Amino acid sequence: MKKTTIKAVLFDLDGVVFNTEPQYTVFWGKQCQEFHPEHPGLEHEIKGQTLVQIYDAWFSGELADKQALITERLNQFEQQMAYDYVEGFEAFISMLRQQGVKTAVVTSSNQPKMQAVYSRRPEFKAMFDAILTSEDFERSKPDPDCYLKAAKRLGASVDECVVLEDSFNGLKSGRAAGMRVVGLATTNAADAIRPLCDMVIDNYVNIERLWQDI
């Protein structure tokens, strides 16, 4: 492989491992229509933000008392979501494991969400050497804190890590960490995320060939 050998691959969750972003767009579309009818399309603007960031920006002040209701709705929604892998993901991570590359999930999702994932996808934990959630970070994406902690957890230097992300905040986080970044055009258009990536892919199909160029 070019540059330093890749020792660790760090995956965001939604839009990177699971094709869940369209479902979240539906959920947040309903909340935004109810509480921010004056701002059509807001559900697209908040993509990739943590729940705390969304609340601070759009559900504070007079709407602060709605946070508990939205959280309850979100928890119920996530329990019923379909956790379908992005096309080609399972073959790709199997290839990485065979090559001895360490893997981690680095997500802004919380433990209640992850318990839903584990329930629906019992094989999920065994795919990764580490799973880091919002409870593990002091600062959220686009801060590099989460990816730096993941690299340390896996015993890899930043130049030995590759980040896979779909959101602008996530891509910026990987860049700020000094890691190579692969963007998935599952949530945002390829041309929109290209300036923040070393490579853009639609999914993991045929990535074995592309992987040599990372």
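In which helix does Q79 lie? Q79 is part of helix α4. Before I go on, a word on the basis: this is a predicted model, where local features need pLDDT of at least 70, side-chain atom pairs count only at pLDDT 80 or more, and totals for chains, interfaces and linings use all residues. Residues are numbered from 1 along each chain as its sequence is written, and side-chain values use heavy atoms, with hydrogens and water left out. Helices (H or I, at least four residues) and strands (E, at least two) are DSSP runs, numbered from the N terminus.

Back to Q79. Its relative accessibility is 40%, so Q79 counts as partly exposed; buried means under 20% relative accessible area, exposed over 50%, and partly exposed in between, with a 1.4 Å probe and protein chains only. If neighbours within four places in sequence are set aside, Q79 is in contact with P112, A116 and R120, where contact means heavy atoms within 4.5 Å.

Now the whole chain. The protein chain has ten helices and six strands. Its radius of gyration is 17 Å, close to the 17 Å from the globule rule for 214 residues, so the protein chain is as compact as a globular protein of that length. That radius is taken over C-alpha atoms, and the rule is 2.2 Å times the number of residues to the power 0.38. Along the principal axes, the C-alpha atoms fill a box of roughly 55 × 35 × 30 Å. Of the 214 residues, 49% count as buried. Among contacts with a separation of 6 or more, 66% come from residues 24 or more positions apart.

Next, the largest pocket. Its space is about 730 Å³. A pocket here is an open set of points on a 1 Å grid over the protein atoms alone, where a 1.4 Å probe fits, with protein on both sides within 12 Å along at least five of seven lines; lining residues have an atom within 4 Å of a point. Grid points are joined across faces, edges and corners, and the volume is the space filled by probe spheres set on the points. The lining has 35 residues, and those closest to the pocket centre are Q49, T50, L51, S108 and S109. Two or more lining residues come from each of α1 (21-35), α3 (51-58), α4 (67-80) and α6 (111-120).

What covers the buried residues of α8? The cover includes α3, α7, β4 (161-165), β5 (180-184) and α9 (190-193). The buried residues of α8, which spans residues 168-176, are N169, G170, L171, S173 and G174. Just after α8, G178 has a positive phi of about 80 degrees. The C-alpha atoms of G178 and I6 are separated by 14 Å. I6 itself lies in the segment before β1 (8-11), and at 5% relative accessibility I6 counts as buried.

Last, two backbone points. Most residues other than glycine have a negative phi, and most peptide bonds are trans. N206 is not a glycine, yet has a positive phi of about 65 degrees. N206 sits in the loop between β6 (199-201) and α10 (207-210) and is exposed, at 52% relative accessible area. The bond between K141 and P142 is a cis peptide bond, with omega about 20 degrees; P142 is in the loop between β3 (130-132) and α7 (145-154).
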